[in-house]
Every structure is written in structure tokens, then in C-alpha cells.
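Subject: A structure to look at

Hello,

I am passing on the structure we talked about, and my notes follow below it. Please have a look at the model first and then read on.

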Amino acid sequence: MTHNPELTPKFHPELTPSVEELEAQERRLVFKQFTHDDAWALGSLLVEMARERQAPVAVDIHRAGQQLFHAALPGSTPDNDAWIARKRRVVERYGSASYLVGARHRAKGTTFEESSRLNPDTYAAHGGSFPITVEGVGVIGAVTVSGLPQLQDHRFVVEALEHFLAER
């Protein structure tokens with residue numbers, strides 16, 4: 001399988017988003033509501049984007065403890081489902097994107113694994129899981145992608161959310 005170089009370029013540290021930029025994404029990417037139909041539409045958008053880019057990812061959307069959408073594209077593996085679960089648990093526990101949680105620890109000169117004291121087989125503060133936040137309610141779920149390097153998983157989800165919310 002060929003990967004689109006535009007999707008999987010080498011990222012330089014100076015291009016890594018700051019904690020402030022990541023927090024701004026969360027403030028901006030908020031839903032007025034999030035229904036089963038929204039989960040289907042958002043999940044379908046992510047699958048369409050992944051197919052266009054030949055990205056070997058798995059996509060998952062959970063709301064209030066219920067899986068509303070899941071797809072595994074060619075090239076993804078059962079490991080991607082395990083990563084999805086670990087990253088999603090970080091969002092559920094901290095109410096923030098999995099990449100942001102990891103970035104906050106790195107900004108303090110440590111790692112999530114060292115300072116959280118949580119089992120790394122259960123929690124992963126790696127990019128790719130983003131909170132589904134509803135205006136006036138708070139975090140109600142997570143949209144998660146796994147299969148690319150962590151920053152690219154994060155950016156992929158953010159791009160889909162930006163597109164999805166712009167259409168609403």
C-alpha cells in the first residue's frame with residue numbers, strides 16, 4: 001500500500017503544536033448537539049478521508065460509554081483497536097484530547113507514563129483521540145483514529161472535525 005506523502009510527512013519539532021494551540025482546538029471544536037446520526041456522518045467522513053489518502057487506519061466514535069461507529073480500513077490491524085481503546089480512555093478520564101494530555105506532561109519535562117501512575121496497557125496519551133464536547137454540556141464522548149504516527153492521527157481527527165463542524 002502506498003501512503004500519500006502529504007498525509008504522512010516527517011514532522012519537525014518546531015511544527016509540533018503547543019499546549020496553547022491544542023487547547024484552542026478544543027475550545028473551537030464544539031458541537032451544539034451530537035446524535036447517533038452525527039456519529040454516523042462524522043465516522044463516514046473520516047472513512048472517506050482515509051480512503052482518499054489510502055490511510056491504514058481504524059476509526060471509532062463513542063458517546064456516553066456506547067460505541068456508535070467503528071470502521072477498520074485496509075492496512076489497519078487489531079493493534080489499532082487496542083490503541084483506540086487506550087487513547088479513548090485518556091479522553092474519558094481527563095476530558096481532553098489524548099495528544100494534549102501527553103503534551104501537557106512533556107511541557108512539564110516528564111511523560112504521561114512516568115507521572116500519571118496509570119497502567120500503560122490501559123491508558124495511552126498518544127495522539128488520535130479527541131473529545132466530543134457539546135456546548136453547555138461538556139465532554140460526552142470521543143472520536144478516535146489509530147494507524148498513523150500520533151501527531152498525524154491527531155491532525156487527521158482535527159481536520160475531520162473542522163470540516164464536519166463547518167458544514168453544520
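**Notes on the model**

Gln54 is partly exposed, with 41% relative accessible area; buried here means under 20% relative accessible area, exposed over 50% and partly exposed in between, with a 1.4 Å probe and protein chains only. Gln54 sits in the loop between helix H2 (36-53) and strand E1 (58-63), and its phi is near 55°, a positive value in a residue other than glycine. Helices (H or I, at least four residues) and strands (E, at least two) are DSSP runs, numbered from the N terminus.

Before the rest, a word on the basis: this is a predicted model, in which local features need pLDDT of at least 70 and side-chain atom pairs count only at pLDDT 80 or more, while totals for chains, interfaces and linings use all residues. Residues are numbered from 1 along each chain as its sequence is written, and side-chain values use heavy atoms, with hydrogens and water left out.

**Other positive phi values**

Arg117 also has a positive phi, of about 65°, although it is not a glycine. Arg117 lies in the loop between helix H5 (112-116) and E3, and at 78% relative accessibility it counts as exposed. Gly109, which follows H4, has a positive phi near 80°.

**Helix H1 and its partner H4**

Two packed helices are described by the angle between their axes and the distance between the axes. The axes of H1 (residues 19-28) and H4 (residues 98-107) come within 10 Å and cross at roughly 155°. That makes H1 roughly antiparallel to H4. Axes are lines fitted to C-alpha atoms, for helices over the stretch in contact, and angles run from 0 to 180 degrees between N-to-C directions; under 35 degrees counts as roughly parallel, over 145 as roughly antiparallel, 65 to 115 as roughly perpendicular and the rest as oblique.

Which residues make the contact? From H1 they are Val19, Leu22, Glu23 and Glu26, and from H4 they are Tyr99, Leu100, Ala103, Arg104 and Ala107 (contact means heavy atoms within 4.5 Å). By class, the residues of this contact are 6 nonpolar, no polar and 3 charged. Here Ala, Val, Leu, Ile, Met, Phe, Trp, Tyr, Cys and Pro count as nonpolar, Asp, Glu, Lys and Arg as charged, and the others, Gly among them, as polar.

Val19, Leu22, Gln25 and Glu26 of H1 are buried. Seen down the axis of H1, these buried residues fall within an arc of 120°, so they line one face of the helix; the arc is that of the directions from the helix axis to the C-beta atoms. On the other side of H1, Glu20 and Arg27 are exposed. The buried residues of H1 pack against H4, strand E3 (129-134) and helix H6 (150-167).

H4 itself is mostly covered, with 7 of its 10 residues buried. The cover over its buried residues includes H1, helix H3 (78-94), H5, E3 and H6.

**Helices H2 and H6**

H2 and H6 pack at an angle of about 125°, with their axes 10 Å apart, and are therefore oblique to each other. Residues of H2 including Leu42, Leu45 and Met49 meet residues of H6 including Phe156, Ala160 and Phe164. This contact has 11 nonpolar, 1 polar and 3 charged residues.

**A residue in strand E3**

Thr133 is found in strand E3 and is buried, with a relative accessible area of 16%. Leaving aside neighbours within four places in sequence, Thr133 is in contact with Val30, Phe31, Gly138 and Val139.

Best wishes
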